[in-house]
Amino acid sequence: MQSIRLTLVGFGVVGQGFAELLSSKHALLEQKYDVDLKLVGVANARHGFIYREEDLHIPTLLELAAKQRSLTEHPGIRHWNSALEGLQATGADILVEATPTNLHNAEPALSHMLTALGKGMHVVTANKGPGALSARELFTLAQQHGVQLRMESAVMAGTPVISTIREGMAGASVTAIRGILNGTTNYILTAMASGRDYAGALADAQAKGYAETDPTADVEGYDAVAKTLILAALIFDQPLTVEQVERQGITNITREQMQAAADAGKRIKLIASLRLVARQEGEKGRPQKLEASVKPLVLPLTDPLARVDGAMNAITVQTDTLSEVTIIGPGAGRVETGQGLLADVLACVILS
Ligand SMILES: NC(=O)c1ccc[n+]([C@@H]2O[C@H](COP(=O)([O-])OP(=O)(O)OC[C@H]3O[C@@H](n4cnc5c(N)ncnc54)[C@H](OP(=O)(O)O)[C@@H]3O)[C@@H](O)[C@H]2O)c1
């Protein structure tokens, strides 16, 4: 049996969901994949980095977190004040990165990931910042060290999009992608389609935990832009900057516009779109350039994305060999995102 050592940086909603799966699925993973996944390092912002050579006891960590107690109370550990110091001082096979997304400079995740890749560790992450802002630098470093960098759960959580396209559709040429990549805005638009106004729908989304107290990142389209940037880099191999994605949020959509769309048998959805288009004569670069946008669009009900409601996410991929393929599934959640991280960890083990 192969023994694989994991370090988990970020022990919030997603980090704990992932740890829970590691524990609850341990026997199944041993049996099915002949792998013993051991959690040896864990870090958060408040308590720093803890490490135990033989492995950490996940139920104890989850209990400490649930009781708001310090992770350093785990018996038999070594401790560093920060994740970065701990990562530098210890070793593991895979870093699982689940710190908050930062779309300004991708920190602290970028430093964690650069450090781990530089030490020859595989890296898997749910964090959108590094893939959106620094994909090329990170993938180059991963390649130099012969390790994998995977970020399935950064787009549509555990619903497999990146691996489905890159591995399941290997050899196909992707010409366009359109997606509902943000569950909060889809929840709000769905509520508005049944007659609510924007403010009421947002308040409902906040009460149900779908929207943050400050909903800007979702409702102004920044979260969907981050995912669009990841897809540009990973699927089209054409990293874009935030400024290259045309962006419009949903805050100005009125009940009247929603009603008019419904009367015409249509739906308004916030659609992230990536499309290869031929360059004009004289334009520099590859023969085809990538156009990207995140904006509300009026869709006919014959469009599979028009019928994706509530907090669900979906993506339609257009290729030369499969025409259109649509994937629908959850785009957030503790276990759902943990599942994406787990699938990436197993892919690192199986495909290495
Ligand atoms: N939640 C979802 O459904 C979902 C879905 C897809 C992707 N994601 C992405 O997954 C990531 C984690 O999300 P989440 O919902 O789990 O966030 P969260 O609940 O806020 O947890 C973030 C964790 O990161 C820790 N952290 C912050 N700065 C750190 C640092 N410098 N060093 C070490 N740890 C640090 C926090 O420490 P403290 O506990 O001490 O504050 C916390 O444990 C984000 O990038 C998010 O965009 C989330």
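This is a predicted model: local features need pLDDT of at least 70, side-chain atom pairs count only at pLDDT 80 or more; totals for chains, interfaces and linings use all residues.
Some ground rules. Residue numbers start from 1 along each chain as its sequence is written, and side-chain values use heavy atoms, with hydrogens and water left out. Local features need pLDDT of at least 70, side-chain atom pairs count only at pLDDT 80 or more, and totals for chains, interfaces and linings use all residues.

Now the polar contacts, meaning N or O pairs within 3.5 Å. A ligand oxygen sits 2.8 Å from a polar backbone atom of valine 14. For arginine 46, a side-chain N or O atom is 2.7 Å from a ligand oxygen. Threonine 101 also has a side-chain N or O atom 2.7 Å from a ligand oxygen. Alone, the ligand exposes 910 Å², and the protein buries 75% of that (Shrake-Rupley, 1.4 Å probe).

On to the sheet. Strands are DSSP E runs of at least two residues, numbered from the N terminus, and two of them pair with at least two bridges. Seven strands form an open, mixed sheet, ordered S4-S3-S2-S1-S5-S6-S7. S4 (78-80) and S7 (149-150) each have a single partner strand, so one side of each lacks a neighbour in the sheet. S1 (residues 2-9) and S2 (residues 35-44) run parallel over eight bridges. There, isoleucine 4 stands opposite leucine 37 in S2.

Key. A polar contact is a pair of N or O atoms within 3.5 Å; within protein, one must be able to donate a hydrogen and the other to accept it, and residues adjacent in sequence count only if both atoms are side-chain atoms. Helices (H or I, at least four residues) and strands (E, at least two) are DSSP runs, numbered from the N terminus.
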